[in-house]
Amino acid sequence: MPPFVFEIARLRVVSGRGSRARLGEEVSVLDRRRVLIIVSPSHAATAAEVAALLGDRCVGIYDKVVQHVPAPVAAAGVAHARTVEADACIALGGGSAIGLAKAIALETGLPIIAVPTTYSGSEMTAVWGITTDGVKRTGKDEKVLPRSVVYDAELTATLPAKIAGPSGLNALAHLVEGLYAQNANPMMSTLAQEGVRAIARALPRVCASPADLDAQEEMLYGACLAGILLGSTGMSLHHKLCHTLGGTFNTPHAETHAVVLPYATAFNLPAALDARNRLTVALGTEAIASTIHALGAAVGAPRSLRELGLSQADLDRAAEIATRTPYFNPRPVTRDAIRQLLEDAYNGVVPSP
């Protein structure tokens, strides 16, 4: 076994059906009195339920959530939190709601309680992202790591397949890239392997039958593991490409991950033996990239960058941006190789095993 360094963030997870009813307890643990609820508009009814639960400890519901957290949206959120004198935030929704709460925490230091309603994994990390002038900047700061995370399968039971499928593949991407990260280690890789197994098993079930709470709980378990990997290991080519496409061309976040993942996986696995071996065990096949591609098709996720609105002319610019700054990747990254990867993803070509 090669030498390694193992590090994991402080994590508090509350999981169980109906666990949103415990949010008052989580606020009490933090000893907070003025909580601002940051919510995706689609979850307004749940936000109202939480606000009623908190009573006079809630100072309002803020629903100005935009994907990729544009800088003006982040600034407006910070200003609102200061205006209402919030001393904590509850982030209720998908990755965009949690992302906005993180942008607020980055500037104000307010603690976050995250209640995810998708499988993005952002709730488990100290990673933030803000888009400025079409470029998505990311960073890591312990201020934005949620103080507690509440998983409630009842909140994902209404997710339509068109959202659940890409969101689950987004979580899968964190696990795959964590397996070949520069700081990969046996403990994290074991978590990643288990997360891949859980998601591959649960995602088709939650897409076929969202009300299947057993499947939802297994999917949230896999998503939690994916979030741990995202927060504890480095990411590589896949995430770089997705940040480029989302930040520059405003492609939808989870759908972009769903399209790019099999192609980035096919590109990197020849240079990542341990990752390939673990994925083979988790998925039950050596045809890893094509199996991930087929999983995306099975759950109704987009299968090409063309479906996300990109044009052929966009691919050259995307390849240039994605290779402009050096970063770790198990296989050397060149502009020509990434341009070909993007071409294949644009056309939806099934990647080689």
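**Figure 1. Strand β8, covered on both faces.** In this predicted model, strand β8 (residues 148-151) has both of its faces covered. Ser148 and Val150 lie on one side, Val149 and Tyr151 on the other, and all are buried, where buried means under 20% relative accessible area, exposed over 50% and partly exposed in between (1.4 Å probe, protein chains only). In a regular strand, side chains alternate between the two faces of the sheet. Strand β1 (residues 13-15) runs parallel to β8 and is joined to it by 3 bridges, with Val14 opposite Val150. Strand β5 (residues 112-116) is also parallel to β8, through 2 bridges, and here Ile113 stands opposite Ser148. Two strands pair if DSSP finds at least two bridges between them; strands (E, at least two residues) and helices (H or I, at least four) are DSSP runs, numbered from the N terminus.

**A note for all views.** Residues are numbered from 1 along each chain as its sequence is written. Since we are looking at a predicted model, local features need pLDDT of at least 70 and side-chain atom pairs count only at pLDDT 80 or more, while totals for chains, interfaces and linings use all residues; side-chain values use heavy atoms, leaving out hydrogens and water.

**Figure 2. The β6-β7 hairpin.** Strands β6 (residues 127-132) and β7 (residues 135-140) run antiparallel and are joined by 6 bridges. Follow Thr131 across to β7 and you meet its bridge partner, Lys136. The hairpin leaves 2 residues between the strands, and Asp133 in the turn has a positive phi of about 50 degrees.

**Figure 3. Two loop residues with positive phi.** Asp31 is not a glycine, yet its phi is positive, at about 55 degrees. Asp31 sits in the loop between α1 (23-30) and β2 (35-39), and its relative accessible area of 52% makes it exposed. His68, also not a glycine, has a positive phi of about 70 degrees. His68 belongs to the loop between β3 (58-62) and α3 (71-83), and with a relative accessible area of 6% it is buried.

**Figure 4. Helix α10 and its bend.** The 16 residues of helix α10 (residues 253-268) should span 22 Å at 1.5 Å a residue, and the 21 Å between its end C-alpha atoms agrees; the expected span is 1.5 Å times one less than the number of residues. Look for the bend of about 40 degrees at Val260, with a proline, Pro262, following within four residues. That bend is the angle between axes fitted to the seven residues ending at a residue and the seven starting there. Most of α10 is covered, with 13 of its 16 residues buried.

**Figure 5. The second largest pocket.** This pocket holds about 210 Å³ of space. Its lining has 15 residues, with Glu7, Ile8, Lys140, Gly231 and Ser232 nearest the centre. By type, the lining divides into 7 nonpolar, 5 polar and 3 charged residues (Ala, Val, Leu, Ile, Met, Phe, Trp, Tyr, Cys and Pro count as nonpolar, Asp, Glu, Lys and Arg as charged, and the others, Gly among them, as polar). On a 1 Å grid over the protein atoms alone, a pocket is an open set of points where a 1.4 Å probe fits, with protein on both sides within 12 Å along at least five of seven lines, and lining residues have an atom within 4 Å of a point. Grid points are joined across faces, edges and corners, and the volume is the space filled by probe spheres set on them.
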